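The following exercises treat the fold of one protein chain. Each task is followed by a solution in steps.

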Amino acid sequence: MIYRLDKNELNLDESGIKYGFIDGSIDFNPTSPEGKFARKEFLDILSEDYSYEVKQSHGININVLDEKFKENAKNRRSFFDNADADGVFTACKGIALCIRTADCVPVLFAGFQGKTAAVVGAVHCGWKGAYGGIIKNAVYMLANKFAIDADAILAVIGPSICKKCYEVKEDFLNLFLNQNSLNINFFQKKIEAGKNKIFFDLKSYIKNELVLNGLNCRNVFDINKCTMENEDFFSYRRNKTDKRQVSFISITMSNL
Ligand SMILES: [Zn+2]
């Protein structure tokens, strides 16, 4: 199943964008033998020319694809880039930018010129990337490489672990407090079964990063699905799975 925001909340019909968050019905684990088939099935469903994935190493690098990508891809339709990156942006049509997750946060971006998307992007955002500044990098890239104003950027947060499920340790909390004491707002201390526990709201931390870097909060959306609670999605914390769901965005070649 492909999840999207309700059209009353976000209608992208005139934007030229195709996007979505696919649940565990397709496993995008790059190392499984089924992976190749999954990518073919994915492209058939989407009817885009190419899929493109970055390595995803919990860093803050972001790749840019230009028209040369299509020359290099030649007959290959599914492209896996081994360069160290956790996000990708492109102004080219027909390339589905893909992020694989199982609790981490997929963030899809679109930069608008008028009503249509001039550039789209997909970013893998776990706590390390978020803490390290990948959101800032993404917004900087949209401004400097694609000349998109911050208030013309749309961001959609996909299925990922929620604040009720993301338990962390004291040293994790301290790391974030050392960065900024206001980060305390993204943590909650609770007593559960007689134990002191700390929970982190990664999605709100990311939303805050988006707004701090200039996005209008009305252009920041959340599909509001928790991967750990909803068994339609893969969750590393639930069962240490190697399986990964895919989130995608493209400037589409096909009719919407
Ligand atoms: Zn949850």
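Two strands pair if DSSP finds at least two bridges between them. Helices (H or I, at least four residues) and strands (E, at least two) are DSSP runs, numbered from the N terminus. The model is a predicted one, in which local features need pLDDT of at least 70 and side-chain atom pairs count only at pLDDT 80 or more, while totals for chains, interfaces and linings use all residues. Residues are numbered from 1 along each chain as its sequence is written.

**Exercise 1. Describe the open sheet of six strands.**

Step 1. The order of the strands is S4-S6-S9-S8-S10-S14, and their pairing is mixed.

Step 2. Strand S4 (62-65) and strand S14 (220-222) are the edge strands, since each pairs on one side only.

Step 3. On average, neighbouring strands of this sheet are turned by 20° against each other, direction ignored.

Step 4. Within the sheet, S8 (residues 105-113) and S9 (residues 116-125) pair in the antiparallel sense over nine bridges. Phe109 stands opposite Gly121 in S9.

Step 5. Helix H4 (residues 134-144) lies across S4, S6, S8, S9 and S10, and runs at about 160° to S9. Such axes are lines fitted to C-alpha atoms, for helices over the stretch in contact, and angles run from 0 to 180 degrees between N-to-C directions. Contact requires that the C-beta atoms of two residues, placed from the backbone, lie within 7 Å.

**Exercise 2. Determine which residues of H1 are buried and where they lie around the axis.**

Step 1. A residue is buried if 20 or more other C-beta atoms lie within 10 Å of its own, exposed if 12 or fewer, and partly exposed in between; C-beta atoms are placed from the backbone.

Step 2. By this criterion the buried residues of H1 are Ala38, Arg39, Phe42 and Leu46. They cover an arc of only 95° around the axis, which puts them on the same side of H1. The arc is that of the directions from the helix axis to the C-beta atoms.

Step 3. A general rule applies here. An α-helix has 3.6 residues a turn, so residues three or four places apart point the same way.

Step 4. The exposed residues Lys36, Phe37 and Asp44 are carried by the face of H1 turned away from its buried side.

Step 5. The packing partners of the buried residues of H1 are strands S2, S3, S5, S7 and S15.

**Exercise 3. State how far S15 is enclosed and which strands it joins.**

Step 1. Seven of the seven residues of S15 are buried, so this strand is largely enclosed by the rest of the structure.

Step 2. Gln245, Ser247, Ile249 and Ile251 point one way from S15, whereas Val246, Phe248 and Ser250 point the other way.

Step 3. S2 and S15 run antiparallel and are joined by five bridges. Five bridges also join S7 to S15, again antiparallel.

Step 4. Ser247 in S15 is the bridge partner of Phe21, and Ser247 is likewise the bridge partner of Ile99.

**Exercise 4. Locate Ser47 and Ala147, and classify each as buried, partly exposed or exposed.**

Step 1. Ser47 is placed in the loop between H1 and S3. Its phi is near 50°, a positive value in a residue other than glycine.

Step 2. Ser47 counts as partly exposed, because 13 C-beta neighbours are inside 10 Å.

Step 3. Ala147 is found in the loop between H4 and S10, with phi near 55°.

Step 4. Ala147 is exposed, with 12 other C-beta atoms within 10 Å.
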